[in-house]
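Thanks for coming. I will walk through one model today, from a single pair of residues out to the whole chain.

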Amino acid sequence: MLQRLVDIASRALKSDTVENTFWLAASSAVNGLIGAVLAGILARFLGVEEYGIYTLIIMLLAMLTDVADLGVSSSIVRFGSESIAEGNKEKLRTVISIVARWKLMIGGVLVVVSLLFLDTIIRYVFQHVDAAIASYFRLSLVALALSVLAGIFIPIYQSFKNFRSYSLILSSRAVLKLMLVLAAVFLFAQYSIWILIWIEVVIGGFFLLAMYGFSPFKNISLKRFDKGLEKKMFSFNKWISLYQGIALISGKLDIAFVGGLSDAHALGLYGAASKILGLMSLVASAYMNVLLAELSASLSPEVLRKKRKHAFAVVGMIIVGIACIALAADPLVQLVFGEKFIEAVPVLRILCVGLVFAVLSYPFTASLFAMNNSIIFPVMSIAATAALIGTSFYLIPTMGVKGAALAFVASNFVSFVITTGFYCFATKNSSVSTS
């Protein structure tokens with residue numbers, strides 16, 4: 001039995017999946033490091049108020065970019081990977097054409113709505129912020145439009161499993177941004193918010209050109225139609241879109257509850273522990289992105305079963321890594337944040353348990369994705385959010401920041417139980433065997 005497990009792990013390590021995960025994780029690490037350096041530079045040169053306005057603009061830009069997708073790209077990963085595995089280029093062209101039309105429509109509506117209601121939003125939501133934020137935001141919509149266009153190519157790279165090129169482009173974008181900011185700050189002594197938003201526009205243009213230039217598939221036409229395929233894709237994607245919408249709202253709830261139900265000290269501790277957990281999550285989510293494309297390309301139950309075994313082997317290795325971080329939490333927290341944050345150590349260890357449940361669900365989640373059982377995603381997300389809200393209101397007032405960490409564990413545990421339960425039900429009632 002042990003030898004069999006070793007053989008499975010060995011084959012998993014030799015597969016392209018691990019290499020692709022490495023490239024995505026490395027890219028995430030580079031982006032995270034450069035982001036931290038940029039934050040330090042801009043905070044010092046802009047001052048508190050201007051840095052706050054700039055951060056708000058960037059946050060809104062990132063949020064709108066996510067809204068412009070709402071899981072639509074998942075259709076290319078799911079049906080594009082399947083088309084490539086089948087060797088059906090005509091179907092692939094149609095899939096990409098359908099998704100491109102969806103994204104352009106959603107992005108266009110988003111830009112128009114933002115322009116129409118911008119002044120009202122500024123007046124009632126950001127009334128205590130500099131009025132110039134409206135002008136800044138209008139310019140940032142140019143960067144949003146470029147990001148929407150570039151986003152059409154992201155799932156194409158995933159479908160072709162061309163994660164090396166995609167990771168290098170992401171890293172190059174981060175390096176270019178750092179160079180432009182350093183040039184503006186140190187060479188030209190210009191570091192206004194206007195300059196920084198123009199840099200975002202330039203970066204958006206570079207990202208679009210690079211994504212198109214190195215894309216493994218460029219033959220995109222908006223004129224290709226297939227009502228049957230489009231209906232099938234919409235049926236699959238509507239649940240993913242609902243899931244993404246819920247995830248956008250619930251993704252920051254844990255921090256919001258800590259701030260609302262506890263005090264600033266607890267918020268600082270939870271923020272420190274979450275920062276370290278976020279770095280681990282980057283590696284784990286990188287593997288999840290690779291796994292979705294891998295299992296979607298499985299054309300038979302036997303291939304899906306084999307790839308799922310490899311997935312469990314890799315998941316086991318990731319969990320070992322999480323356990324090592326939990327054991328080394330004490331010196332790690334002191335090294336990164338200093339002795340003042342020593343109380344964050346038990347919080348980080350509890351959060352690690354929650355991350356383990358999240359990682360354990362990856363093979364089941366990706367398998368359901370490959371089997372077109374996308375309805376589970378919003379169901380799972382709603383249940384997990386409900387668990388987070390309920391346990392947060394009960395635990396945080398009595399246990400403080402540890403209660404928030406336990407609520408995070410409860411949320412991921414509920415998600416794991418629902419996902420695995422639905423997977424068992426789906427496989428029992430389909431032609432795909434778990435054996």
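I will call a residue buried when its relative accessible area is under 20%, exposed when it is over 50%, and partly exposed in between, using a 1.4 Å probe and protein chains only. What you see is a predicted model, where local features need pLDDT of at least 70, side-chain atom pairs count only at pLDDT 80 or more, and totals for chains, interfaces and linings use all residues. Numbering starts from 1 along each chain as its sequence is written, and side-chain values use heavy atoms, with hydrogens and water left out.

By that definition, Glu200 and Lys177 are both buried. They form a salt bridge, meaning a side-chain nitrogen of Lys or Arg within 4 Å of a carboxyl oxygen of Asp or Glu. The closest N and O atoms of Glu200 and Lys177 are 2.6 Å apart. Glu200 sits in helix 9 (residues 193-213) and Lys177 in helix 8 (residues 163-187), so the pair ties together parts 23 residues apart in sequence. A search of the whole structure finds one salt bridge.

Now the chain itself. It has 18 helices and zero strands; these are DSSP runs, H or I of at least four residues for helices and E of at least two for strands, numbered from the N terminus. Of its 435 residues, 47% are buried. Counting contacts (heavy atoms within 4.5 Å) with a separation of 6 or more, 83% are between residues 24 or more positions apart.

Last, Leu116. This residue lies in helix 5 (residues 89-125) and is exposed, with a relative accessible area of 62%.
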